[in-house]
Structure formats: C-alpha cells, structure tokens
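Me: Could you take a close look at the pockets of this structure for me, and at what lines them? I would enjoy a connected walk through that part.

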Amino acid sequence: MKTVTLAGTDIVAPNVVLGLMRIADKSDDQIQDLVRTARDNGVDFVDHAAIYGTEMHQCEARFAEAMQLTSSQRAELTIQTKCGIVPDGPYFDYSYEEITSSVDASLRALRTDYIDVLLLHRPDALVEPDEVARAFDQLSASGKVRAFGVSNHTPRQIDLLRTSVTQPIVANQLQLSLTQASIIAQGVASNMPGQDQSITSDGGGILDYCRLHDITVQAWSPFQKKFFDGVFLGDRDTYPELNDVLDRLAAKYDLTPTGVAVAWITRHPAQMQVVLGTTTPSRVADAAAGSDVPLTRAEWYELFRAAGHLVP
Ligand SMILES: NC(=O)c1ccc[n+]([C@@H]2O[C@H](COP(=O)([O-])OP(=O)(O)OC[C@H]3O[C@@H](n4cnc5c(N)ncnc54)[C@H](OP(=O)(O)O)[C@@H]3O)[C@@H](O)[C@H]2O)c1
C-alpha cells in the first residue's frame with residue numbers, strides 16, 4: 001500500500017481509505033468484517049462525518065459500537081471526521097459553537113478522546129475565518145483534534161481560511177471519479193471555446209492549488225457515475241468503451257476493473273487518497289490492489305478519453 005504523509009503532521013496515511021458513510025444499517029459482524037478486510041489490505045484510515053446516517057453521528061456510533069476498540073487498537077487507526085453541515089434546513093455552519101460542539105459529539109459517538117483529522121465539510125457562505133481559527137486553536141490545544149482540513153472548498157475559500165487559521169490545512173476532500181473528473185478535466189480543456197469541459201466549477205484550478213500548497217486531495221465517490229447515481233463499473237449501456245478499457249487493463253495488471261479505477265486516481269502525481277464507499281469487503285480488497293499501479297501515460301489518457309472527456 002502506497003502512503004502519503006499529511007503535510008505538516010506526522011500522520012502517514014494509506015492512499016486508499018475506507019469511507020463509512022453507508023454503514024448505518026449494517027450489523028456488527030458486517031462492520032467488523034469490512035474494517036478487518038480493509039486493515040488486512042493496508043487500509044488503516046477511516047473517513048466519517050457527523051452527518052453520515054439518518055441521524056447525526058449515527059455512522060460514527062455504529063462504527064464504535066461494532067468495533068469496541070481498545071485504546072491500542074484505536075491508536076492503530078487514523079480516524080477522520082467532518083463537521084459543519086446542519087441537516088435541519090439544510091445549511092452550513094462554521095461558527096465556533098457548531099465546530100466545537102460537533103467535535104464533542106463525534107468524540108462521544110466514536111468513543112475516543114481524539115480525532116486524527118477534522119474536515120470542514122461544505123463551505124459556509126457566512127464563514128468568519130477568526131471564528132474557525134478560534135475553534136481550531138481550542139480543539140488543537142485541548143488535544144481533541146490532531147490535524148485539520150476541508151472538503152469541497154475552492155482555492156479562494158482556503159485562502160480566506162488561511163488569513164486566520166494557523167494550523168496547516170492538510171486535506172481537501174473533493175468529488176473525483178473517472179466519469180466525474182471536472183477537477184482534472186477542466187484543466188485539460190482550458191481555453192476551448194464552446195466546450196462545457198472548459199467551464200470552471202471548482203473556483204479555478206483547485207487540484208493545482210492543492211499541489212502547490214501541500215494539501216492532500218481525497219477523492220470521494222471514486223466509482224460513482226456522477227452524484228450518487230450508481231457506479232460506472234459494469235454499466236455497459238452508458239459506458240461501453242470505458243468498461244472495455246477497464247477490462248483490458250485489469251487483465252494486463254492482474255487487477256479487477258475496480259482496481260484499475262483506483263489506479264487511475266492514484267497514478268496522478270498529486271498523490272491523492274481514494275475514499276472508498278463500498279460496504280463489500282471483497283471490493284475493498286480489489287480497490288486496495290490499485291494503490292500503486294504504474295499505469296502508463298497513454299493508458300491513463302485512454303481511460304480519461306473512454307470516460308467521455310475531451311483531449312483537444
Ligand atoms: N466530502 C464529501 O462531501 C463526501 C460526499 C460523499 C461521500 N464522501 C465520502 O466518500 C466515501 C465514498 O463515497 P461513495 O460511497 O459515494 O463512493 P463509491 O465508492 O464510488 O460508491 C460506493 C457505492 O457504490 C456501490 N457499488 C456498486 N457496485 C460497486 C462496485 N463494483 N464497486 C464499488 N462499489 C460499488 C457500493 O455498494 P456496496 O456497499 O453494496 O458495495 C456503494 O453503495 C463515503 O463513504 C464518504 O466517506 C464524502
């Protein structure tokens with residue numbers, strides 16, 4: 001398993017991580033099996049959020065109930081969670097009270113006394129950088145949070161936070177799959193008249209911004225066609241060419257198409273992490289196998305074109 005060190009911290013993390021957004025209705029045995037398989041395949045980093053589940057902190061609590069981690073088992077895992085989405089509305093809230101109270105509730109649900117990485121989940125239009133900084137300082141000084149990051153943020157939103165926040169922003173979790181690849185595809189087709197792919201939807205150059213500032217990009221929904229509308233893997237009606245290329249490269253590299261889809265992300269020199277959402281242990285193993293596969297440049301671009309992106 002290839003690893004990345006989150007800049008400015010001593011957190012060494014696998015480049016494939018286990019997202020636990022979909023475990024609310026899973027049994028203890030299923031959750032234990034999923035996490036055990038992940039660990040056996042080098043995935044010792046889990047991604048949570050306060051909002052995951054049908055009620056706040058539900059997936060965090062299911063994980064803790066099922067795993068019953070001892071303190072040494074807890075220390076072997078890197079636990080990331082997120083805050084800032086208020087479902088009653090919905091709206092976004094980066095106030096001091098919301099950030100600190102959400103972390104306290106996550107700590108209770110997760111049955112731990114520290115969170116390794118805390119992400120601000122979705123940009124709050126009413127953000128006050130000084131308030132975020134006050135919350136981060138309190139959480140850092142109290143030992144409740146080791147490192148901080150963001151999710152779905154544009155370059156300028158991160159710059160704004162950095163006017164007050166002193167801790168490094170270690171990660172930006174962004175949507176990225178072969179078929180929903182705007183953070184990569186826009187740059188490939190920049191300056192092309194009349195092409196939708198040229199239109200910026202991330203505030204402009206978020207991937208390059210993260211590389212320039214040592215912010216690890218974490219790719220969420222790595223197999224979804226677009227936004228929670230099913231996976232492109234095996235969908236030959238919509239993506240026949242892409243599935244042909246995935247199958248061919250899977251045979252060449254002794255992987256499954258799942259592993260090739262992961263390798264397409266991990267091959268990128270930005271050193272991204274892939275945030276899996278599957279609850280099927282064998283799919284976690286298939287995905288982990290794509291952690292460090294040397295796809296050639298020609299193969300990487302062939303997958304990109306087969307997924308429907310323009311190479312002008
Ligand atoms: N920061 C954000 O705003 C944000 C937003 C969304 C998600 N996330 C994070 O990203 C993680 C991944 O998101 P996601 O679950 O949408 O991503 P995903 O890994 O692309 O999709 C997983 C879903 O696809 C299903 N699936 C069907 N066939 C599959 C196949 N062949 N291979 C893999 N999965 C298949 C899985 O079902 P089975 O479970 O039955 O395998 C599961 O329901 C989440 O757990 C969460 O941690 C973050």
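Reply: Happy to. Let me start with the second largest pocket, where the largest share of the lining, five residues, comes from H7. Keep in mind throughout that this is a predicted model.

The second largest pocket has a volume of about 370 Å³. Its lining counts 17 residues, and those closest to its centre are Ile184, Arg211, His268, Trp300 and Tyr301. Two or more lining residues are given by each of helix H7 (182-188), helix H8 (206-212) and helix H12 (297-306). If you sort the lining of this second largest pocket by class, you find eight nonpolar, four polar and five charged residues.

By class, the lining of the largest pocket splits into 14 nonpolar, eleven polar and five charged residues.

What sits in the largest pocket? The ligand does. There are 26 residues around the ligand, and the ones that come nearest are Arg22, Asp47, Ser221, Thr278 and Thr279. The shell around the ligand is made up of eleven nonpolar, eleven polar and four charged residues.

In the side chain of Thr278, an N or O atom is 2.5 Å from a ligand oxygen. For Arg22, the distance between an N or O atom of the side chain and an oxygen of the ligand is 2.6 Å. Gly277 takes part through its backbone: one of its polar backbone atoms is 2.9 Å from an oxygen atom of the ligand. Taken alone, the ligand exposes 910 Å², of which the protein buries 86%.

While you have the model open, a few backbone details deserve a glance too. Most residues other than glycine have a negative phi, and most peptide bonds are trans. Against that background, look at the bond between Gly89 and Pro90, which is a cis peptide bond with omega of about -10°. You will find Pro90 in the loop between strand E6 (85-86) and strand E7 (91-92).

For Arg111, phi is about 55°, and its place is the loop between helix H4 (96-110) and strand E8 (115-120).

Note on methods. Residues numbered from 1 in each chain as written. Predicted model: local features only at pLDDT ≥ 70, side-chain atom pairs only at ≥ 80, totals over all residues. Heavy atoms only, no water. Near = heavy atom within 4 Å. Polar contact = N/O pair within 3.5 Å; in protein donor to acceptor, adjacent residues only side chain to side chain. Areas by Shrake-Rupley, 256 points an atom, 1.4 Å probe, with all protein chains shown as cover. 1 Å grid on protein atoms, 1.4 Å probe; cavity = no way out; pocket = protein on both sides within 12 Å on 5 of 7 lines; lining within 4 Å. Sits in = over half its atoms within 2 Å of the grid points. Nonpolar A, V, L, I, M, F, W, Y, C, P; charged D, E, K, R; others polar. Points joined across faces, edges and corners; volume = space filled by probe spheres on them. Helix = DSSP H or I, 4+ residues; strand = E, 2+ residues; numbered from the N terminus.
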